[in-house]
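Welcome! Try each one yourself before you read the solution.

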Amino acid sequence: MAYRPIEDYGLIGDLHTVALVALDGSLDYLCLPDFDSPTVFGALLDSSRGGSFRIGPATEGARLKQLYLPDTNVLLTRFLSPDGVGEVVDFMPVGTMRHTHAVVRRVKGVRGRFRFALRCGPRFDYARIEHRIEQRPGEVFFVPEGREESALRLQTPVATRIESGAASGTGGAGDVVAEFELGPDQTADFVLEAVPPGTATPAAGPRWAERAFRHTCAFWRDWVRSSTYTGRWREEVLRSALAMKLLTSVRHGSIAAAATFGLPELVGGERNWDYRYTWIRDGSLTAAALVGLGFHEEARGFVRWVEQRYRESEEPGRLQIMYGIDGRHELDEEILSYLEGYRGSSPVRVGNGAWNQLQLDIYGEFLMLADLYDERVEPVSHQLWGHLRDSLEWVAANWRLPDEGIWETRGGRQEFLYARLMCWVALDRGLRIAQRRSLPAPLEKWLDVRDEIHTEIHRAFWNDRRKAFVQHRGSFTLDAASLLMPIVGFVSPVDPHWTATLRAIEETLVEDSLVYRYRTGEGASDGLNGTEGTFCMCSYWFIQCLAMAGQTEKAELFFEKMHTYANHLGLYAEEMDGTGRNLGNYPQAFTHLGLVSAAMCLDRALSYEGRGRTAA
């Protein structure tokens, strides 16, 4: 099986985990039971060994189309050929339906007699464990060796046969295959569930699939209706919100940074990371973006999850930069050397060795969320304020430390501008909360340290030769993370030093509407070979900075250009190459929260200009 472009996939999920379904109807990625659990389907990372579940055209040549049902995360994949039209509706039941982590695939004939081919071949535990296949009337069990509790059951209305591992070229027990034909309005429902062998088949399975479909559509549409956003680009904004919602854990309250692991920042390169975990930074900004759209429950869940991490900390007020979805602390990195990686991009890593890095900025992002949460969702609790106060005391004492920075460099710590900026933010937002709620705090001390950081940034990180704020102390390098300076309120968006920095970033890091984080080879060493693509979130930061600086016409053009880089469903990966192909893990929360923030800022700027013209 050849690899499809990363952007050829749609995302479904049940708020515990997610799956990726390609335009050809192949489900090539699924981890069970959680986002950061081992894969059961991983063809996205090894097309021959990884495993997939395909329901698609039996013959080649059909045109492929894909869309979401409006205001849902229910995916419709269509196959159009001269002989007929067929389609597959894919979703994972959510809410109060029987919850066994199920993928429902509803297959329908639309026009003519359309012939479908089915192949279901899971590969358990990142394709490390063999399995046996048990066939029974109307169902097939895939049972991993020594782990019967992790079995999968496929309920099927059509006859299937087992194709041996030797015949399929995969080794092991092989796959379950079938071919079947559907005429107009004929349907067949397939349900793949994580259940132990011997689990009773629910009565009236097809009717259950129909109920699950209606319930899941209603769940997503009810959620979307709770949004308060009425501005421009509402469709794009809400699609980004739906993507971010899919990355939230309803069980734990944590938020995954991305759906996948191992997808390369450069095809054939080694920058292949596991992003299925919860970064304090990413989760805080994601929750804040959802609050800005009127969604509050995600922030409640995430704040409770972070409170639990505070309680587990060995040092008051200290947080790791990231944790497992369930809150586990150690995420040691492992290389799966037997997997070839997406289009030969190895190594494939699981775990993330950055988990024990020092990144000072995380307190700033979480305090930004806490401030917004306190203002718009509910007042911070006494217990939470105690944790925040401890964090601010630690920041006040340690903000000068060198760290690995937002980009998690592995070439040694530096005194990064972004770290100091977000320490300033942490103290600034902590002061706001304390003063708003009259909470006990050493206000004078925090004010003094906040102002000291402000002075230090202007003194030590403004490079007069470069006429710009630079990446770290003593460097000549520009860094797109500096774009947060006006966004977080540190500097006026029309301050001469800032506008000079913005021009320098545009000249050095911007191509079309795409923005590099920094130029690899020039910035702080990340300890790796090769280059990377442009970073989509940075593109939206740049657009927001343009809008804030009054360059609304340019900002609007760049925002519209970014739409042309989205995939057919409005989804984005972490990065783009020069041809607009997606790179890196997909979909990426950072990109989608950046889109939301930029859209809201630009909408306000355009509305303000419109009122001004009307008044004139």
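**Exercise 1.** How many aromatic pairs does the structure hold?

*Solution.* This is a predicted model, and it holds 26 aromatic pairs.

**Exercise 2.** Classify the pair formed by the rings of W385 and W446, and say which parts it ties together.

*Solution.* Step 1: the ring centres of W385 and W446 are 6.1 Å apart, and centres within 6.5 Å make a pair. Step 2: the planes meet at 65°, and over 60 degrees counts as edge-to-face, so W385 and W446 form an edge-to-face pair. Step 3: W385 belongs to helix 8 (residues 382–398) and W446 to helix 10 (residues 443–460), so the pair ties together parts that are 61 residues apart in sequence. Step 4: W385 and W446 are both buried.

**Exercise 3.** Which residues do ring pairs link into a cluster?

*Solution.* The cluster consists of F79, F114, F116, F180 and F190.

**Exercise 4.** Over the face of which ring does R309 lie, and over which does R519 lie?

*Solution.* Step 1: R309 lies over the face of Y323, 5.9 Å from the ring centre. Step 2: R519 lies over the face of Y516, at 4.2 Å from the ring centre.

Definitions and conventions
Residues are numbered from 1 along each chain as its sequence is written. This is a predicted model: local features need pLDDT of at least 70, side-chain atom pairs count only at pLDDT 80 or more; totals for chains, interfaces and linings use all residues. Side-chain values use heavy atoms; hydrogens and water are left out. Rings of Phe, Tyr and Trp (its six-membered ring) pair if their centres lie within 6.5 Å; planes under 30 degrees apart count as stacked, over 60 as edge-to-face and the rest as tilted. Helices (H or I, at least four residues) and strands (E, at least two) are DSSP runs, numbered from the N terminus. Buried means under 20% relative accessible area, exposed over 50%, partly exposed in between (1.4 Å probe, protein chains only). A charge sits over a ring if NZ of Lys or CZ of Arg is within 6 Å of the ring centre and within 35 degrees of the ring normal.
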